[in-house]
Amino acid sequence: MEPPLWSVKYSPQSWDDFIGQDRAITQLRKLAESGSCPNMILHGPYGTGKTTAALLFSREFLGDAFTSNFKMLNVRNVSGYSVAQAKRDIKALAKLDRSERTELDEYMSLVFKEVKSELNAKGRTRDPNRSQLLQGAIRLFASTVTVSDEKVKVLVLDEADALSGSMQQALRRTMEIYSDVCRFIFTTPTLAGWSPAVISRSLSLNFPSVSEGDAVPFLSGIAKKENLEIDSAALDAVARESGGDLRFAVNLLQIAAADGRPVTETKVYESSETEFVKSVRKMLDLAISGAFVDSRKILRNLLGVKNHSPGDVCLAIQRNLIRKRFKPQALKAMLDRVAEIDHRLVQAQNPFIQITALLASIGRIASETQ
Ligand SMILES: Nc1ncnc2c1ncn2[C@@H]1O[C@H](COP(=O)(O)OP(=O)(O)O)[C@@H](O)[C@H]1O
Ligand SMILES: [Mg+2]
C-alpha cells in the first residue's frame, strides 16, 4: 500500500492547527462561533490553507447540516469537464465500479440533465456547452431545497480564479437570486481580475505565504512524529525551497526522507524540483528576459514531447509568477492574461498557440515595467 501523504496526514483538523494565518483564522473562528456566514473570498498563494480553512469553517458553521447543506466544487475541474462525460446517464454511472466514478461525475450527470431540460423548455434542442454546465453546476446546488432548510447552504467554489469574466457576471446574479439560502466561499490565489461587484458582496480574507520562521517549527514537529533524522540546515532548506507553500514543504520533506536515511540539506535540494517544474521555471525566465524563441522551444517540448497537459502548464506558470517579485500592477496584468488563456484553453484548437501568446504577453509586460 502507498504510504499516506503527509500533507493529508498532517492537515489542520482544528483552528489551532493552522500555521501563520492568525488574522484570517481568528476571523473565521469568530464567525463560525457566532453562527454567521457572509459570502467570502479567501485569497493567497498556493498551500497556505485556504481550501482546508473553507472546509473547516463550513463544518463548524453548519454542524449537523453539513452533509446536506455543503458542497465544494473545484472550478478548474468543473470548467474543464467534458460535455460528453457529463452526458452519461446517472443510472449507467451507478453501474460502474466505485473506483471508476467520482462524486463530480455523478454531480455533473445531474447538472447535464437539468441544464438540458431548461434549454429544452426554451425550445433549444442543442446540448449545453461547458460554460452552461458550469453555471448549471453552481445553480443546481444553490437552488435545491435541502432537508435542513432552517440553515443556509454553503457552496465553496475552490480555485475560483478559473472563472472567466462573463462567468463572474452570471455568478453575481446567482448570488443575488439565492442570497437568502446560499452563501458562497471562493478561494483564489489573488484578487486580481475579480469583478468589483463580486468583491463588494464578499468578505475578503487574506492567506499570506507562510514565513520560514513559522514553517520551520511546524516541519520540525512533523519530523519528530515521523522519527526523522534531520538537522536544522536541512529543515531551513525545506522551508526556504517551499517559498511559503506548506503543501509543497510537507511533500518535499516526505520525498527527501523517503529512502529512510538521514535528511540533509543536499538531499532536500535534490528532491526539491521535478523536471516539469524546472522546465516551466526556465521557460518563464527566458520569456521574461526577452529570449522568446528559446522559451517557446521549451514549451514545444513540454506539450509535444513530454505530453504535459496545457492546463498543468498554465497552472505552473501562474504559480511561478506569483512567487516572483513583480510590481503589483505588472503581476495583475500577467495573471489576468493567464486567467484569460487558461479559460480559452478549454475551447482551444491549438493550445501551443495560446500559451505561446501568453509567454509573449508576459515578456512584453515584464519589459514595459522594468
Ligand atoms: N496554514 C497552514 N497550516 C498548516 N498546514 C497547512 C497550512 N496551509 C497548508 N497546509 C498544508 O498544505 C495542505 C494543502 O493546503 P490547502 O488548504 O489545500 O491550501 P490552499 O488551498 O491554500 O492551496 C494542507 O492539507 C496542509 O497539509
Ligand atoms: Mg486550495
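**Cavities and the open pocket**

A: To start with the second largest cavity: domain 1 (21-206) and domain 3 (275-368) each give at least three residues to its lining. Keep in mind that this is a predicted model.

Q: Which residues line the second largest cavity?

A: Arg76, Asp161, Ala162, Cys314, Leu315, Gln318, Val338, Ala339 and Asp342.

Q: What's the lining of the second largest cavity like by class?

A: Five residues are nonpolar, one is polar and three are charged.

Q: Step back a bit. How many cavities of 30 Å³ or more does the structure hold?

A: Three.

Q: OK, the largest cavity then. How much space lies in there?

A: About 70 Å³.

Q: Which residues line the largest cavity?

A: The lining is made up of Ser79, Arg130, Ser131, Leu134, Met167, His343, Val346 and Gln347. Sorted by class, three of them are nonpolar, four are polar and one is charged.

Q: Which helix gives the most to the lining of the largest cavity?

A: Helix 9 (residues 130-143), which supplies three residues.

Q: Where does the largest cavity lie relative to the domains?

A: Between domain 1 (21-206) and domain 3 (275-368), because both of them give residues to its lining.

Q: Changing topic: what volume does the largest pocket have?

A: About 790 Å³. Its lining has 27 residues, and the closest to the centre of the pocket are Phe248, Ser272, Val277, Arg319 and Arg323.

Q: Which domains does the lining of the largest pocket draw on?

A: Domain 2 (212-272) and domain 3 (275-368), with at least three residues from each.

Q: Which helices supply at least two residues each?

A: For the largest pocket, helix 13 (232-242), helix 14 (246-256), helix 15 (265-272), helix 16 (275-289) and helix 18.

How values were computed: Residues numbered from 1 in each chain as written. Chains lettered and ligands numbered in written order. Predicted model: local features only at pLDDT ≥ 70, side-chain atom pairs only at ≥ 80, totals over all residues. Heavy atoms only, no water. 1 Å grid on protein atoms, 1.4 Å probe; cavity = no way out; pocket = protein on both sides within 12 Å on 5 of 7 lines; lining within 4 Å. Points joined across faces, edges and corners; volume = space filled by probe spheres on them. Helix = DSSP H or I, 4+ residues; strand = E, 2+ residues; numbered from the N terminus. Nonpolar A, V, L, I, M, F, W, Y, C, P; charged D, E, K, R; others polar. Domains from an automatic or database assignment.
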